[in-house]
Amino acid sequence: MNRLFRRDFLKETDFTPAELMYLINLAARLKAAKKARREPKLLKGLNIALLFEKDSTRTRCSFEVAAHDQGAHVTYLGASGSQIGKKESMADTARVLNGFFDGIEYRGFGQEIVEKLAQYADVPVWNGLTNEWHPTQLLADMLTMRECTGRPLKGLTMAYLGDARYNMGNSLMTGCAMLGVNFRCVAPKALWTSDEVYTQALSYAAESGATVLRTEDVAQGVEGCDFLYSDVWVSMGEPDEVWKERIKLLTPYRVTKEVMEMTGNSECRFLHCLPAFHNRETTIGEKIYQQYGIDCMEVNDDVFESSYNAAFLEAENRMHTIKAVMVATLAEKNIDKALKKKGF
């Protein structure tokens, strides 16, 4: 039996560090097989539901393309395409979908929602993003870091600059600590990753040999880093009123060429889960310029439109790592044997 067969993936700590590494390694093998057009179809005839209460480009495309590559079928249910939360509870929705589908993805708001979905569904449930955790993004980040450096993850160093209180700050701090990656939360103290997540990360770091740091000092936080990571300053679902305060707090933490050079590492790369506000070429970007007079937010074009930027490789790797999660939790055939048969 495959080691993760019929398991949920709701947050990083659902799996052990060894199981996370298994998923990353599986994603690399599946990626190579896809590039060579010799990918074994391990999910033929299966049906997958995609529940989206928050819009997405990368998560939706990743699940849909990955499922089609593997021979599975998907049904997309957007915020206005189902009765979830309006006429039907998540518990009832889970029991309905359980009769139709072999796996369910959820992207939305509170972690308690996806936990409820998993509680009442007998099929694997995967977290495509909640307010608190973003585990499939973490896997893509780790695969990208390994590909960019050609080195094992253990011993690499990442700094996250920005509002670290939510899903990316939590997932990166925890996931890095689990996998031996040194992690720095670089942010105003008011926007640090919570004490609860920090304490948990320190516990994992003690086992993996990683270091975990929270600091307000940009120079201290980025020194010697292999990767600088940023994310949007205002998350989906937050009110517009927070923009003014967030811009004031986080402008000193914008990733610029000068900040990249502070690392002292010419090979340092920039990561971002996207979308990124690096210019005025979006409705929100132009609105922020008109209101606050800034033409970029978390990163500027000197970094984003340069060789520093690995965010588009990272975006592609969402699909490969999501495919690994679905294959590992749904495939009944021996995955290793199927890949070796194809030369991978």
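**Exercise 1. Describe the sheet that contains S7, S6, S5, S8 and S9.**

Solution. Step 1: the order S7-S6-S5-S8-S9 describes an open sheet of five strands with parallel pairing. Two strands pair if DSSP finds at least two bridges between them. Helices (H or I, at least four residues) and strands (E, at least two) are DSSP runs, numbered from the N terminus. The model is a predicted one, in which local features need pLDDT of at least 70 and side-chain atom pairs count only at pLDDT 80 or more, while totals for chains, interfaces and linings use all residues. Residues are numbered from 1 along each chain as its sequence is written, and side-chain values use heavy atoms, with hydrogens and water left out.

Step 2: the edges are strand S7 (212-215) and S9, each of which pairs on one side only.

Step 3: on average, neighbouring strands of this sheet are turned by 20° against each other, direction ignored. Axes are lines fitted to C-alpha atoms, for helices over the stretch in contact, and angles run from 0 to 180 degrees between N-to-C directions.

Step 4: strand S6 (residues 182-186) runs parallel to S7 and is joined to S7 by four bridges. Within this pair, Cys185 has Arg214 in S7 as its bridge partner.

Step 5: helix H5 (residues 135-149) packs on the sheet and touches strand S5 (157-161), S8 and S9. The direction of H5 makes about 150° with that of S8. Contact means heavy atoms within 4.5 Å.

**Exercise 2. Determine how S8 and S9 pair, and which way the side chains of S9 point.**

Solution. Step 1: strand S8 (residues 227-230) and S9 pair in the parallel sense over four bridges. Tyr229 stands opposite Leu271 in S9.

Step 2: in a regular strand the side chains alternate between the two faces of the sheet.

Step 3: in S9 (residues 269-272), Arg269 and Leu271 point one way, and Phe270 and His272 the other way. All of these residues are buried (buried means under 20% relative accessible area, exposed over 50%, partly exposed in between, with a 1.4 Å probe and protein chains only).

**Exercise 3. Describe the sheet of S2, S1, S3 and S4 and state which helices pack on the sheet.**

Solution. Step 1: four strands form this open sheet in the order S2-S1-S3-S4, with parallel pairing.

Step 2: strand S2 (73-77) and strand S4 (125-129) stand at the edges; each has a single partner strand, so one side of each is left without a neighbour in the sheet. From one strand to the next, the twist averages 20°.

Step 3: strand S1 (residues 47-52) and strand S3 (residues 103-107) run parallel and are joined by five bridges. Ile48 has Gly103 as its bridge partner in S3.

Step 4: H2 packs on the sheet, touching S1, S2, S3 and S4, and its direction makes about 160° with that of S2. H13 also packs on the sheet, touching S1, S3 and S4, and its direction makes about 165° with that of S4.

**Exercise 4. Characterise the crossing of H2 and H13.**

Solution. Step 1: the axes of helix H2 (residues 58-69) and H13 come within 8 Å and cross at roughly 50°. H2 is therefore oblique to H13 (angles under 35 degrees count as roughly parallel, over 145 as roughly antiparallel, 65 to 115 as roughly perpendicular and the rest as oblique).

Step 2: H2 passes H13 in a right-handed crossing. A crossing is left-handed if the near helix is turned anticlockwise from the far one by less than a right angle, and right-handed if clockwise.

Step 3: among the contact residues are Arg58, Phe63 and Ala66 of H2 and Ala315, Arg318 and Met319 of H13. By class, the contact divides into eight nonpolar, two polar and four charged residues. Ala, Val, Leu, Ile, Met, Phe, Trp, Tyr, Cys and Pro count as nonpolar, Asp, Glu, Lys and Arg as charged, and the others, Gly among them, as polar.

Step 4: leaving aside its neighbours within four places in sequence, Arg58 is in contact with Cys273, Leu274, Pro275, Ala315 and Arg318.

**Exercise 5. Characterise the crossing of H3 and H4.**

Solution. Step 1: helix H3 (residues 90-97) and helix H4 (residues 111-120) have axes that come within 8 Å and cross at roughly 45°. H3 is therefore oblique to H4, and the crossing is right-handed.

Step 2: Met90, Ala91, Ala94 and Arg95 of H3 meet Ile113, Lys116, Leu117 and Tyr120 of H4. This contact has six nonpolar, no polar and two charged residues.
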